[in-house]
Amino acid sequence: MSSSAYQTWQIGPAHVGDRSVPVASKPGVMAHGSIDTPAMMMAEWISAMDTPAAGARSLHLASGNGLVPAVAMAVGFAPDAFDRYKANAESTRRSLAAAPGVVAGAYAVHHEVLANDLVPATSCALATIRIPTDKHGVQQAVAEAFRALAVGGVCLIAGANDEGAKPAAKLLAQVFGHARLDAQHSSCRLLVATKLAEAPVDASSISSPWLDQHRFHEVPVTVADDRIVLSTRPGVFSWEHLDEASGILGDIMRIAPGESVLDLGCGSGVLGVLAARQSRTGRVVLLDADADAVRCARRTATAAGCRNVEVRASDVTDAVADEAFDVVLSNPPFHLGKGTDLAIPRAFIEQAYARLLPGGRLYLVANRTLPYESLIDECFGEVRTAHDGRRFKVIGAVRRV
């Protein structure tokens with residue numbers, strides 16, 4: 001698959017009950033080329049609902065490709081959809097925009113983790129949660145759904161058993177006072193709860209300090225003999241400590257004074273900040289698809305005093321499409337949901353090549369079992385190995401023309 005294929009959107013009909021709604025997708029979007037069973041379970045439940053009252057709002061957390069909010073809009077809700085990953089948020093936006101007869105203001109899509117002040121408290125009749133895979137994320141989502149729902153509003157939460165559907169059911173019952181298992185198949189569960197009172201039944205179950213979006217975890221690390229304090233949050237890659245792979249790449253990479261650098265998939269910003277300090281005056285751009293990672297990296301760079309750093313939200317390199325750099329650094333993701341998806345690192349490598357100046361170089365760190373050498377060789381015509389360890393390798397290449 002070429003980089004152009006990664007960036008090519010498709011819109012097709014999704015059939016839910018007796019409804020058909022348009023759904024946009026491309027590589028890198030959750031459930032691309034397949035059906036996400038938990039999302040379909042929620043969509044089917046909503047499709048069978050009676051038409052809501054005029055002006056009824058719905059909240060959708062982790063909206064994915066937009067299937068669930070698209071069905072909610074078809075039923076008669078005005079959806080507010082949120083997803084932390086840029087490709088998913090864009091997919092949701094395209095899905096809702098493609099609905100027949102859609103009018104301005106009928107929906108809102110946000111590249112954010114949570115609604116917070118964007119959706120007023122007690123303003124929604126329906127809330128849906130596609131279970132995130134981390135414990136804090138589930139807690140955040142359930143708390144946010146409860147806050148946004150009016151009394152009498154319904155919360156749907158769905159996910160796979162190995163994503164934490166059973167603990168999520170327990171948390172839902174603690175907060176709402178009950179949780180009904182409405183459907184289960186393909187090792188997935190759909191839970192339903194109705195908000196019966198203004199206050200949660202067990203407020204302690206969602207009394208996490210991380211519900212405050214302005215709270216960050218400060219992690220002091222030392223890389224290449226340079227001390228950096230990382231700002232992180234739950235859900236951001238390796239949020240509680242420096243991941244081993246980034247530490248290895250940071251010790252090996254060398255940035256000359258004045259070189260421009262692109263940190264592709266920056267996470268909380270450790271490699272980009274280190275590159276900025278080594279470059280001194282060179283322009284350094286950090287990119288990440290995760291909305292919270294972008295916020296964390298900005299805070300990390302500011303605390304480090306790096307005035308030559310800019311952090312942008314981006315699906316791979318779409319935020320620097322017309323720019324070129326001397327160096328590209330990357331610790332690329334290779335998971336989409338629970339599975340391994342090489343379409344994402346392939347796009348990272350192909351787009352890194354496109355963003356490099358002639359003579360520019362790529363540094364990439366990865367699990368040593370991943371077959372990135374062939375992908376790099378296809379683009380660059382060479383592969384250089386800077387580190388081959390027990391668990392991780394640092395490989396790369398130079399763009400010749």
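Mentor: A pocket is an open set of grid points with protein on both sides within 12 Å along at least five of seven lines. The model discussed here is a predicted one.

Trainee: Which element gives the most residues to the lining of the second largest pocket?

Mentor: The lining has 30 residues, and those closest to the centre of the pocket are Val23, Ala31, Ser34, Asn65 and Leu67. Strand S1 (10–16), strand S2 (19–25), helix H2 (37–47), S3, H3 and S6 each give two or more residues. The largest share, six residues, comes from S1.

Trainee: Which class has 16 residues in the lining of the second largest pocket?

Mentor: The lining includes two charged residues and twelve polar ones. The class with 16 residues is nonpolar.

Trainee: Why is one side of strand S5 and of strand S8 left without a neighbour in the sheet?

Mentor: The seven strands form an open sheet with mixed pairing, in the order S5-S4-S3-S6-S7-S9-S8. Strand S5 (108–110) and strand S8 (180–185) therefore each lack a neighbour on one side, because they stand at the edges and each has a single partner strand.

Trainee: Which residue in S7 stands opposite threonine 128?

Mentor: Strand S6 (residues 124–130) runs parallel to strand S7 (residues 149–160), and six bridges join them. Opposite threonine 128, S7 places leucine 156.

Trainee: At about what angle does helix H6 run to S9?

Mentor: Another helix, H3 (residues 67–75), lies across strand S3 (57–61), strand S4 (78–82) and S6, and runs at about 170 degrees to S3. Helix H6 (residues 165–176) lies across S7 and strand S9 (188–194), and its angle to S9 is about 5 degrees.

Trainee: How many of the ten residues of helix H8 are buried?

Mentor: A residue is buried if its relative accessible area is under 20%. Among the buried residues of H8 are Val270, Leu271 and Gln278. Helix H8 (residues 270–279) is largely enclosed by the rest of the structure, because the number of its ten residues that are buried is nine.

Trainee: What is the bridge partner of valine 261 in S13?

Mentor: Strand S12 (residues 261–264) pairs with S13 in the parallel sense over four bridges. In S13, Val284, Leu286 and Asp288 point one way, Val285 and Leu287 point the other way, and all are buried. The partner of valine 261 is valine 284.

Note on methods: Residues numbered from 1 in each chain as written. Predicted model: local features only at pLDDT ≥ 70, side-chain atom pairs only at ≥ 80, totals over all residues. Heavy atoms only, no water. Pairing = 2+ DSSP bridges. Contact = heavy atoms within 4.5 Å. Axes fitted to C-alpha atoms, helices over the stretch in contact; angles between N-to-C directions. 1 Å grid on protein atoms, 1.4 Å probe; cavity = no way out; pocket = protein on both sides within 12 Å on 5 of 7 lines; lining within 4 Å. Nonpolar A, V, L, I, M, F, W, Y, C, P; charged D, E, K, R; others polar. Buried < 20%, exposed > 50% of the residue type's maximum accessible area, 1.4 Å probe, protein only.
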